[in-house]
Amino acid sequence: MKKTLILLFTIVSLQLFSQGLTFSTATPQQLSDKIVNPKCVTTSNWVVSSGSNFGSLNSVGTFNRPNGVNFPLGKGIVLSTGHLTNLPGPKILPDYIGDGNNPSWSSDNDMNAIVGSSNFTNASSLQFEFTSQKTDFKLDYVFASEEYGQRQCNTLSDVVVILLTDMSTGLPVNIASTPSNQLISPINIRRNTFNTSCSDANANLFDTFYGGTNASTSPINMFGHTVAMTAQATIQTGHLYKLKIIIADRLDYQFDSA
């Protein structure tokens with residue numbers, strides 16, 4: 001049931017620029033179909049939480065990588081903590097995006113419980129229930145952030161979690177983490193090269209920094225992103241599970257992630 005996933009964004013269905021990713025809106029069910037194989041997985045109860053639910057702009061959609069564009073994944077879904085219309089590349093320097101200045105677009109209770117903190121804002125999520133004919137669950141994803149570079153040493157950094165819940169127990173497990181079980185965030189995946197105020201952390205998981213002269217080649221309007229990583233678990237066939245993917249800014253809305 002392996003499909004590609006990426007945490008990025010969209011609100012429009014046309015190509016936005018020639019050198020980067022293209023983005024489209026989608027229904028919650030269409031989003032789930034992007035990341036599972038309908039031939040062996042049955043889904044239901046699809047729910048999306050986007051900026052548009054809180055009086056802001058849409059922050060959830062799908063993406064495709066045109067031929068010749070350099071990006072770790074070819075297609076999938078996107079979740080962002082900002083407005084999708086502002087996120088297509090190339091990277092605009094020296095500005096950060098700074099979307100989501102709306103107090104009602106706040107945190108996610110499931111993320112708060114897993115992380116052990118409620119210092120989040122601008123949370124976006126996709127969730128659905130599913131049963132599978134396979135025992136292998138694998139989901140590829142990329143984490144991108146405006147915090148790379150200037151803010152990557154900040155201990156209160158943005159976070160993404162991928163929660164898998166066995167519905168017979170109701171207990172969610174975060175299957176998105178570094179090899180040492182750290183949260184996926186800029187502080188836990190970074191390179192000292194782009195900010196010498198802090199040391200490397202899982203540097204092999206970081207892919208590309210788009211500050212300086214690299215900005216013009218960025219397929220997204222973000223300062224950097226990780227390599228493609230895989231969230232995985234062993235599941236029971238025919239058993240009911242819930243998948244929930246959540247991304248959120250920690251404390252401030254100004255430096256977005258996706």
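Here is a walk through the structure shown above, from its overall build to its sheet and then to its salt bridges. Please keep in mind that this is a predicted model.

Let's start with the whole chain. The protein chain contains two helices and 14 strands. Along its principal axes, the C-alpha trace spans about 50 × 40 × 35 Å. A compact globule of 258 residues would have a radius of gyration near 18 Å, and the protein chain has 17 Å, so the value agrees with that expectation. Among contacts with a separation of 6 or more, 75% come from residues 24 or more positions apart. Of the 258 residues, 53% count as buried.

Five strands form an open sheet in the order β3-β6-β14-β9-β10, with antiparallel pairing. At its edges sit β3 (41–49) and β10 (171–174), each of which pairs on one side only. Neighbouring strands here are turned by 20° against each other on average, with direction ignored. As a reminder, strands of a sheet pair through backbone hydrogen bonds, either parallel or antiparallel.

Strand β6, residues 120–132, and strand β14, residues 241–250, run antiparallel and are joined over nine bridges. If you want a place to begin tracing, find Phe120, which stands opposite Arg250 in β14. A helix also belongs in this view: α1 (residues 28–35) lies across β3, β6 and β14. Relative to β3, helix α1 runs at about 125°.

With the sheet in place, we can turn to charged side chains. Side chains of opposite charge can pair when their charged atoms come close. How many salt bridges does the structure hold? There are four.

Strand β14 returns here through Lys244. Asp108 forms a salt bridge with Lys244, with the closest N and O atoms 2.9 Å apart. This pair links distant parts of the chain, since Asp108 is in the loop between β5 and α2 while Lys244 is in strand β14, 136 residues apart. Lys244 also forms a salt bridge with Asp110, where the closest N and O atoms are 2.7 Å apart. Here again distant parts of the chain are linked: Asp110 belongs to helix α2 and Lys244 to strand β14, 134 residues apart. Taken together, Asp108, Asp110 and Lys244 are linked in a network of salt bridges.

Asp108 has 10% relative accessibility, so Asp108 counts as buried. Lys244 is buried because its relative accessible area is 9%. Asp110, in contrast, has 33% relative accessibility and therefore counts as partly exposed.

A further salt bridge lies elsewhere in the chain. The side chains of Lys91 and Glu146 meet at 3.6 Å, N to O.

Key:
Residues are numbered from 1 along each chain as its sequence is written. This is a predicted model: local features need pLDDT of at least 70, side-chain atom pairs count only at pLDDT 80 or more; totals for chains, interfaces and linings use all residues. Side-chain values use heavy atoms; hydrogens and water are left out. Two strands pair if DSSP finds at least two bridges between them. Helices (H or I, at least four residues) and strands (E, at least two) are DSSP runs, numbered from the N terminus. Axes are lines fitted to C-alpha atoms, for helices over the stretch in contact, and angles run from 0 to 180 degrees between N-to-C directions. Contact means heavy atoms within 4.5 Å. Buried means under 20% relative accessible area, exposed over 50%, partly exposed in between (1.4 Å probe, protein chains only). The radius of gyration is taken over C-alpha atoms; the globule rule is 2.2 Å times the number of residues to the power 0.38.
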